[in-house]
Amino acid sequence: MSSISRRIILLSSAALAGAAFLGPAQAQDLKITIGYQTVVEPSKVAQADGAYEKATKATIDWRKFDSGADVIAAVASGSVDIGYVGSSPLAAAASRELPIQTIFVVGLIGESEALVARNGSGIEKIADLAGKKVAVPFVSTTHYSLLAALKHENVDPKSVEILNLRPPEIAAAFARGDIDAAYVWDPALGQIKTSGKVVLDSSQVAAWGAPTFDAWIVRTDFADKNPEAVRDFVKVTGESYAAFLAKPDAWSVSSPEAAKIAKITGAKLEEVPQLLKGYVFPTLEEQASDKFLGGGTVKAIEAASAFLKKQGKIDAVLPDYSKYVSSKYVTEALASN
């Protein structure tokens with residue numbers, strides 16, 4: 001055998017041995033596709049800093065979506081591994097038995113989502129929506145909140161012309177005067193506020209008994225194959241929240257954190273600090289508690305599903321939603337600290 005042949009065999013053997021030593025996840029770079037939305041929240045800083053890539057040692061394709069319904073569609077098609085959704089599209093997806101798991105509760109929604117009436121529309125209160133054109137992304141948290149508000153104020157939804165528009169479309173339609181009001185989140189919310197006034201926000205709807213929240217979900221098959229990556233994703237997200245909660249006032253207009261969030265989300269820099277206060281962000285320790293992934297989130301999904309069924313937005317409610325929520329990854333993230 002020639003020296004060249006022997007060298008090729010030795011190199012090939014070494015390469016195979018190395019691959020076996022590294023294992024399948026390390027031998028080949030992991031690629032993760034993450035669907036995010038333009039919501040103002042602390043983990044946008046980690047996204048801007050590349051902290052997720054560093055922790056997971058993966059190549060991440062960050063894809064921006066305008067609504068949770070779009071994220072769910074991408075997750076269902078297999079084109080997104082981890083996605084950011086609101087409680088309403090999450091409940092709809094679980095009710096349709098999409099193989100997903102809720103792995104992190106981003107926050108309870110308050111002032112960061114609101115119903116804004118266009119100046120001159122004649123809308124001062126919920127009852128004034130009758131006979132008006134109101135835009136909202138269908139099967140979103142704001143859609144859920146709008147319907148809940150109408151129910152609370154005894155306004156027949158059929159008396160309101162509710163239009164299905166994505167946030168960028170809402171901002172454009174509002175500016176043209178094509179709609180009278182809209183229930184939406186930033187950056188569209190900040191845009192329509194300039195020529196309208198807030199009639200209601202989601203903190204009031206929550207007080208009426210219909211709270212909403214945002215969450216990160218993962219495709220079950222991806223999580224089963226890459227549990228460490230999901231754990232590390234959750235850990236980085238939790239660390240981002242801990243950094244904010246430790247010194248919330250430090251995330252001021254002049255801070256680098258606010259600048260990074262504004263750049264990724266498109267929100268106005270001067271509004272970022274106030275928008276951060278529009279959420280209640282659970283800590284990593286709270287995530288695993290009965291209030292959230294340890295039980296409360298399942299109950300919240302059940303309640304949202306029952307409401308959506310009553311409104312004719314889904315066909316059926318499942319007897320059990322527990323398999324669509326997992327505290328495994330927050331628990332492991334805590335243990336790895």
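Reader: In which loop does asparagine 154 lie?
Author: The model discussed here is a predicted one. Asparagine 154 has a positive phi of about 60° although it is not a glycine. As for its place in the chain, asparagine 154 belongs to the loop between α7 and β7.

Reader: Is asparagine 154 buried or exposed?
Author: A residue counts as exposed when its relative accessible area is over 50%. The value for asparagine 154 is 72%, and therefore this residue is classed as exposed.

Reader: Where does lysine 57 lie, and what is its phi?
Author: Lysine 57 sits in the loop between α4 (51–56) and β2 (58–64). With a relative accessibility of 68%, lysine 57 counts as exposed. Although lysine 57 is not a glycine, its phi is positive, at about 55°.

Reader: What is the strand order of the open sheet of five strands?
Author: The edge strands are β7 (161–164) and β9 (196–201), each of which pairs on one side only. Strand β5 (residues 113–118) pairs with β9 in the antiparallel sense over five bridges, and leucine 115 has leucine 200 of β9 as its bridge partner. The pairing in this open sheet is mixed, and the order is β7-β6-β8-β5-β9.

Reader: What angle does the direction of helix α7 make with that of β8?
Author: Helix α7 (residues 141–152) packs on the sheet, where it touches β5, β6 (133–136), β7, β8 (181–185) and β9. Helix α8 (residues 167–176) lies across β5, β6, β8 and β9 and runs at about 145° to β8. For α7, the angle with the direction of β8 is about 135°.

Reader: Which peptide bond is cis, with omega near 5°?
Author: Proline 187 is found in the loop between β8 and α9 (188–193). The cis bond is the one from aspartate 186 to proline 187.

Reader: Which backbone oxygen does the side chain of threonine 38 reach, and at what distance?
Author: Threonine 38 lies in the loop between β1 (30–36) and α3 (43–49). Its relative accessible area is 10%, so threonine 38 is buried. Leaving aside neighbours within four places in sequence, its contacts are Lys64, Phe65, Trp185, Asp186, Pro187, Ile264 and Thr265. The side chain reaches the backbone oxygen of aspartate 186, at 3.3 Å.

Reader: How many residues of β1 are buried?
Author: β1 runs parallel to β2, to which seven bridges join it, and isoleucine 34 stands opposite tryptophan 62 in β2. β1 also pairs with strand β3 (residues 82–86) in the parallel sense over two bridges, with glycine 35 opposite glycine 83 in β3. β1 is largely enclosed by the rest of the structure, because the buried residues number six of the seven.

Reader: Are helices α6 and α16 roughly parallel or roughly perpendicular to each other?
Author: The axes of helix α6 (residues 87–95) and helix α16 (residues 296–310) come within 9 Å and cross at roughly 80°. Angles of 65 to 115 degrees count as roughly perpendicular. The two helices, α6 and α16, are therefore roughly perpendicular.

Reader: How do the residues of the contact of α6 with α16 divide into nonpolar, polar and charged?
Author: On the α6 side, the contact is made by Ser87, Ser88, Leu90, Ala91, Ala92, Ala94 and Ser95. The residues from α16 are Ile301, Ala304, Ser305 and Leu308. The division is seven nonpolar, four polar and no charged.

Notes:
Residues are numbered from 1 along each chain as its sequence is written. This is a predicted model: local features need pLDDT of at least 70, side-chain atom pairs count only at pLDDT 80 or more; totals for chains, interfaces and linings use all residues. Side-chain values use heavy atoms; hydrogens and water are left out. Two strands pair if DSSP finds at least two bridges between them. Helices (H or I, at least four residues) and strands (E, at least two) are DSSP runs, numbered from the N terminus. Contact means heavy atoms within 4.5 Å. Axes are lines fitted to C-alpha atoms, for helices over the stretch in contact, and angles run from 0 to 180 degrees between N-to-C directions. Buried means under 20% relative accessible area, exposed over 50%, partly exposed in between (1.4 Å probe, protein chains only). A polar contact is a pair of N or O atoms within 3.5 Å; within protein, one must be able to donate a hydrogen and the other to accept it, and residues adjacent in sequence count only if both atoms are side-chain atoms. Angles under 35 degrees count as roughly parallel, over 145 as roughly antiparallel, 65 to 115 as roughly perpendicular and the rest as oblique. Ala, Val, Leu, Ile, Met, Phe, Trp, Tyr, Cys and Pro count as nonpolar, Asp, Glu, Lys and Arg as charged, and the others, Gly among them, as polar.
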